[in-house]
Amino acid sequence: MAVSSVSAGCFSSPGSAGSGVQGSAGPPSPREPLDVRARITELRLSAFAGHRRAMFPLGPVTLFAGPSGSGKTTALGAYEALARLGGGASLAEVFPEPVACVPEGARADAEGRRGFRIGCTAEGSEGPVRLDVAVQAEPQLRIVGERLTGGGVVLLETALRDPGRRSVQAAWHTAGSSPVTRAPLPDDRLGTALLPLRVAGKTDGQRQVLAAAEQMVVALRSVFRCDPRPDSMRAPVPAGTGRLLPGCDNLADVLWRTRSECGRRHAQLVGALHAGCAGPVADLLAEPLADGAVRALLDRGDGTRTELARLGDGELRYLALTLVLLTGPGVLEVDAPGEVPDALRTLTVLADGFDRALDSSQRRELLGTAARMGERGHIRCAAAVSDASWAAGVQGVTVVHLTP
């Protein structure tokens, strides 16, 4: 894997053939207030599948661009894996096929051990906080090392001391009567996510650890992986929770809820459909059927109503992704940290195949919507596209160019 083509900023990846990011968003003004919302601003794939020593900056809208095999989907998958670990999932749940994450050609040590390393940086009220995780995939799946750093201080560090035990030795910053506190942590969970249950917060050092861990976990948990499936969106769906699924299968049920809950956002959605759907669009409706199901329709403004079943794949994907970008965690099926105020967190939408089945007008309009929402700060987007030349000049969009 290599990253190439640089303009308006450069981010180096040691050991790669080249690295770069293209974006129109310049550095923040020194007079701008500190953004306290927890958000992931860098993804690091030190050794993960086809990526080695890779560092990817993440802006309000980030497009991973490159041909098939360049690692776009892998990068989004690593982001999602970190998000699930931050939410408390076990390694086995997150990596059902861990050997596939080991870089091809990686050699096992004398004891037959191979693994992979991933990490990220979360920014917020605590400044940049870094998390790096080393995972052993063979012969047993386990975390063998984790490091959380912030403010130039190692706040948490774990290491596998005894391979015969299913635990790692952890040491976290205390800055009290002793500089660190040591205790075992399970080797199948992210230690950072467990710190609020283990750290008392009695010293300034412990409070620093808790604040940094919270910022990282909040940033990671606020992720929604979305890949609309048009074939599943055309048929009526049973009435349910009104929370959108990753495949957007239950789009009609969600529209039944959102149309009445937020008229302003619904009007924005209808306005966006003028550019993304063939023919006039006066409204987007959801109506219940006699059997309890719900179906969605386009109101053409002349008495004609078009069922979603008649729309093309591009129209349906455009509709679903626009709805996702205009809504929030209360409408999406996402494990958002409800105990944290909305003002302190940012939802990140992960969209593989962002431009799949879209025509040139649809993808430009969709990217514009993503950029506007990203500028407001509450919804960010990281997406994969095969080619990003059409995104040139869109304010607030960062493009990461990948080559096989």
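Select arginine 295 and glutamate 307 first: their side chains form a salt bridge (a side-chain nitrogen of Lys or Arg within 4 Å of a carboxyl oxygen of Asp or Glu), and the closest N and O atoms are 2.8 Å apart. The pair links distant parts of the chain, with arginine 295 in strand S15 (residues 293-299) and glutamate 307 in strand S16 (residues 305-307), 12 residues apart. Helices (H or I, at least four residues) and strands (E, at least two) are DSSP runs, numbered from the N terminus. Arginine 295 is partly exposed, with a relative accessible area of 23%, and glutamate 307, at 33%, also counts as partly exposed; here buried means under 20% relative accessible area, exposed over 50%, and partly exposed in between, with a 1.4 Å probe and protein chains only.

Before moving on, note that this is a predicted model, in which local features need pLDDT of at least 70 and side-chain atom pairs count only at pLDDT 80 or more, while totals for chains, interfaces and linings use all residues. Residues are numbered from 1 along each chain as its sequence is written, and side-chain values use heavy atoms, leaving out hydrogens and water.

Next, select glutamate 157 and arginine 147, whose side chains meet in a salt bridge of 2.4 Å, N to O. Glutamate 157 sits in strand S9 (residues 153-159) and arginine 147 in strand S8 (residues 142-150), so that this pair, too, links distant parts of the chain, 10 residues apart. Glutamate 157 counts as partly exposed because its relative accessibility is 32%, and arginine 147 is partly exposed at 39%.

Now go to arginine 229 and aspartate 249, which form a salt bridge with their closest N and O atoms 2.4 Å apart. Arginine 229 lies in the loop between strand S12 (223-225) and helix H5 (230-233), and aspartate 249 in the loop between strand S13 (237-238) and helix H6 (251-261), so the pair ties together parts that are 20 residues apart in sequence. Arginine 229 is partly exposed at 44%, whereas aspartate 249, at 18%, counts as buried.

To see a network of salt bridges, select Asp35, Arg37, Arg39 and Glu123 together; the count of salt bridges comes to 26.

Finally, select helix H1 (residues 72-86), whose 15 residues should span 21 Å at 1.5 Å a residue, and whose end C-alpha atoms are 22 Å apart, which agrees. The expected span is 1.5 Å times one less than the number of residues. Among the buried residues of H1 are Leu76, Tyr79, Leu82 and Leu85, and glycine 88, which follows H1, has a positive phi near 100°.
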